[in-house]
Amino acid sequence: MESRPLCSICSNGYFSSDGEGCALCEVGNAWSGPLALLVLLVLLTGVGSLPVVRTRAQIFYQRIESHLVEYSQRGTAFFVTMQILIILNQTHADVGGEKLPNPYHDFLEVLSFATLDLVTFVPFDCLYNGSFDHLDALLIESLVPLGLLVIAQVFTSMHWLHSHGGKHHQVLSAWLTMLFLVLPVISRTICSSFRCDAFDGGDLGEFRYLSSDTSLNCDTARYKMMVGFALANVLVYPLGCPLLLLVILFKFKGKLNPGDRPESEVIAQRKEDPELAAEPVTHFSMLYRPAYWWYEVYNMLRRLMLTCAVLLCNDLAETTVLVISVAVVTLVIEEEAKAYLNPFLTAFTHTCCWQIVLFALYLLLLDAQMTSGHQAMVISVLLMLANIALVLTIFFDTSKKTSARREETHRQQSALALARASSRPMFRFATGVPEDGLSGGLSDGDGDGDGGAIELTENPLAKEAREEREGGV
């Protein structure tokens with residue numbers, strides 16, 4: 001039992017800042033980040049609305065579209081991994097774990113935006129007359145996505161009615177796709193609504209406060225209302241979203257994995273299927289081999305186990321056991337499944353899983369006091385360098401593959417041009433008619449039978465191309 005709750009309530013005109021306590025609500029202080037992001041978005045929108053810029057951007061995008069696809073796939077895997085590491089570090093500190101040594105601690109702090117947590121980015125304390133507590137954060141993070149879904153559904157339905165039955169947009173599927181990166185953050189806020197810490201109040205008895213926000217008393221009606229609302233959101237987000245994804249993907253299982261055709265044929269047909277192309281969430285399954293059409297559901301559950309389920313643990317020991325168990329089991333699954341179509345993406349995600357395991361083991365060594373001082377700093381440096389190496393690998397390997405693909409494309413185009421040039425047969429003029437009289441010989445018109453005949457001979461270019469193919473060139 002703790003002796004007293006930590007101070008977490010800032011006075012009016014101040015907001016809670018990580019590492020700085022209560023900071024003054026000033027434009028250059030509280031709003032510097034949000035204002036910079038807003039200015040950047042306005043500039044990009046203004047520049048992108050120019051016809052010349054838009055046209056050139058479309059041409060440029062078409063030119064590098066295949067490269068961007070590979071960048072986005074690997075970048076998403078890296079982004080998800082860093083999101084897990086940052087949230088694990090926060091969870092580890094919340095349950096009393098040892099502080100992560102520098103420079104890796106500062107490295108994760110710099111990348112903390114990867115959590116995509118709107119509440120920590122925008123100083124809502126400066127917008128409220130009173131304190132902005134966990135219930136307020138829960139209401140914003142859970143209701144805003146649902147509100148956007150309702151607005152989008154109403155808008156598209158009205159548009160569909162006015163267009164007299166035109167193309168119907170898959171709003172729910174698109175909403176679930178956009179929710180992919182922020183689902184762990186929302187679910188983490190929901191799961192943080194249940195655990196309370198007890199504090200000794202002396203003669204006044206025991207006081208219980210929410211672990212994630214000690215300004216909220218767990219014995220009040222406000223807390224009980226929050227718990228009921230959080231339980232309802234558990235059904236919507238941590239449990240409902242993976243189940244919804246599975247239901248939608250199962251609807252297209254016959255097209256994603258027919259089961260009675262060769263894998264290469266199924267992969268080619270999936271890319272050309274207009275029904276799959278119109279469904280946003282099926283793009284997840286396109287990354288995987290047909291037998292693993294459900295694999296994105298597993299990935300979503302893995303992230304939720306490492307970022308949200310750990311909040312249900314009562315202490316550091318339970319948290320450590322759960323994190324290491326999930327990290328090791330998912331590493332083995334990733335290694336054995338090899339679900340991705342792209343072999344390099346398979347190796348890349350496997351490396352990301354190893355990064356999570358090593359990070360969890362490093363935290364265990366710190367908590368057990370088995371490493372400290374310079375030794376702990378060296379390991380911290382190695383982990384940071386491993387993350388940087390992953391970033392460089394995203395672009396370096398893709399650059400090499402791009403060059404190889406360009407050379408392969410040029411070779412195929414040359415071979416195609418040669419094949420087209422050699423597709424026309426060459427004819428040689430010869431005297432006389434073949435013995436069978438059926439070769440298509442042509443008479444010269446004088447009836448003497450000595451007219452020239454046309455003989456079909458092999459084009460030298462075709463002969464050269466055939467010899468090259470037979471020679472393995």
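Which residue in β5 is the bridge partner of Tyr209? The legends below, which refer to a predicted model, take up this pairing in the first view.

**View 1. Pairing of strands β4 and β5.** The bridge partner of Tyr209 is Asn217 in β5. Strand β5 spans residues 213–217 and is joined to β4 by two bridges, the strands running antiparallel.

**View 2. Pairing of strands β3 and β4.** Strand β3 (residues 196–200) runs antiparallel to β4 (residues 206–210), and five bridges join them. Phe199 stands opposite Phe207 of β4. Five residues lie between the strands in the hairpin of β3 and β4, where Gly202 adopts a positive phi near 65°.

**View 3. Packing of helices α9 and α14.** Helix α9 (residues 240–251) packs with α14 at an angle of about 175°, and the axes are 9 Å apart. Because angles over 145 degrees count as roughly antiparallel, α9 and α14 are described as roughly antiparallel to each other. From α9, Cys241, Pro242, Leu245, Leu246 and Leu249 meet Glu296, Val297, Met300, Leu301 and Leu304 of α14. The residues of this contact comprise nine nonpolar, no polar and one charged.

**View 4. The second largest pocket.** This pocket has a volume of about 490 Å³. It is lined by 24 residues, of which Ser72, Gln73, Thr76, Ala77 and Leu287 are the closest to its centre. At least two lining residues come from each of α2 (51–94), α14 (295–307) and α16 (343–367), and α2 supplies the largest share, ten residues. By class, the lining consists of 13 nonpolar, six polar and five charged residues.

Definitions and conventions: Residues are numbered from 1 along each chain as its sequence is written. This is a predicted model: local features need pLDDT of at least 70, side-chain atom pairs count only at pLDDT 80 or more; totals for chains, interfaces and linings use all residues. Side-chain values use heavy atoms; hydrogens and water are left out. On a 1 Å grid over the protein atoms alone, a cavity is a set of points where a 1.4 Å probe fits but cannot get out, and a pocket is an open set with protein on both sides within 12 Å along at least five of seven lines; lining residues have an atom within 4 Å of a point. Grid points are joined across faces, edges and corners, and a volume is the space filled by probe spheres set on the points. Helices (H or I, at least four residues) and strands (E, at least two) are DSSP runs, numbered from the N terminus. Ala, Val, Leu, Ile, Met, Phe, Trp, Tyr, Cys and Pro count as nonpolar, Asp, Glu, Lys and Arg as charged, and the others, Gly among them, as polar. Axes are lines fitted to C-alpha atoms, for helices over the stretch in contact, and angles run from 0 to 180 degrees between N-to-C directions. Angles under 35 degrees count as roughly parallel, over 145 as roughly antiparallel, 65 to 115 as roughly perpendicular and the rest as oblique. Contact means heavy atoms within 4.5 Å. Two strands pair if DSSP finds at least two bridges between them.
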